[in-house]
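Please find below a note on the model under review. It is arranged as numbered points, to be read alongside the sequence and the coordinates.

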Amino acid sequence: MTTLPTTDLQEIAQKLKARQQELLHEIATAEADIEAAAQTQEALDPEELAQRQEAKEVRLGEIARDRNELASIGRALARIEAGDYGVCVACGKPIAKERLLARPESTHCIACKAELEAQA
Ligand SMILES: [Zn+2]
């Protein structure tokens, strides 16, 4: 089994951690926005209320997506720590770094993924 060079793993881990911080910041900002909107006391007409509700739902959707991505990054980082990260589970070859950066939870290299999709 070939694994990625340690320097690549470190680079990926670093980028994932940076993205983690970004996501935590995004979630905090979105939650603060929702909170701020909820605190506004002025009387709103029904249209404004509907708009506000819609904006809140968009924000909540963003938060949910961010949390999913955070969970995915967390799992990828745990696998980097465990030392079984970045290797295709089908052919045992290293997965391209670019692919891992784009999709940190990739378990198949591009060739095997294409084959899987062709069979599906
Ligand atoms: Zn493969």
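1. Basis. The model is predicted: local features require pLDDT of at least 70 and side-chain atom pairs count only at pLDDT 80 or more, while totals for chains, interfaces and linings use all residues. Residue numbers start from 1 along each chain as its sequence is written.

2. Secondary structure. The protein contains 4 helices and 0 strands, and its elements follow the order α-α-α-α from the N terminus. Helices (H or I, at least four residues) and strands (E, at least two) are DSSP runs, numbered from the N terminus.

3. Overall form. The radius of gyration, 20 Å, is well over the 14 Å that the globule rule gives for 120 residues, so the protein is more spread out than a compact globule. This radius is taken over C-alpha atoms, and the rule is 2.2 Å times the number of residues to the power 0.38. Along the principal axes, the C-alpha atoms fill a box of roughly 65 × 35 × 20 Å.

4. Burial. Of the 120 residues, 8% count as buried. A residue is buried if 20 or more other C-beta atoms lie within 10 Å of its own, exposed if 12 or fewer, and partly exposed in between, with C-beta atoms placed from the backbone.

5. Helix pair. How do the axes of helix 1 and helix 2 cross? Helix 1 (residues 6-39) and helix 2 (residues 46-82) have axes that come within 9 Å and cross at roughly 155 degrees. Helix 1 is therefore roughly antiparallel to helix 2. Axes are lines fitted to C-alpha atoms, for helices over the stretch in contact, and angles run from 0 to 180 degrees between N-to-C directions; those under 35 degrees count as roughly parallel, over 145 as roughly antiparallel, 65 to 115 as roughly perpendicular and the rest as oblique.

6. Handedness and contact. The crossing of helix 1 and helix 2 is left-handed, meaning that the near helix is turned anticlockwise from the far one by less than a right angle. The residues of this contact comprise 15 nonpolar, 1 polar and 11 charged.

7. UniProt lists residues 13-40 as "coiled-coil region" in an unreviewed entry. This span is 96% helix and 0% strand, and its end C-alpha atoms are 41 Å apart. UniProt annotations may be inferred rather than shown by experiment.

8. Zinc finger annotations. The UniProt record, an unreviewed entry, assigns "domain: Zinc finger DksA/TraR C4-type" to residues 83-117. Those residues are 40% helix and 0% strand, with end C-alpha atoms 27 Å apart. The record also places "zinc finger region: dksA C4-type" (unreviewed entry) at residues 88-112; for that span the end C-alpha atoms lie 8 Å apart, with 36% helix and 0% strand.

9. Ala55 and Ala82. Ala55 lies in helix 2 and is partly exposed, with 13 other C-beta atoms within 10 Å. The C-alpha atoms of Ala55 and Glu11 are separated by 37 Å, at 44 residues apart along the chain. Ala82 is also placed in helix 2; with 8 other C-beta atoms within 10 Å, Ala82 is exposed. Ala82 and Leu70, 12 residues apart in sequence, are 18 Å apart in space, C-alpha to C-alpha.

Notes:
Ala, Val, Leu, Ile, Met, Phe, Trp, Tyr, Cys and Pro count as nonpolar, Asp, Glu, Lys and Arg as charged, and the others, Gly among them, as polar.
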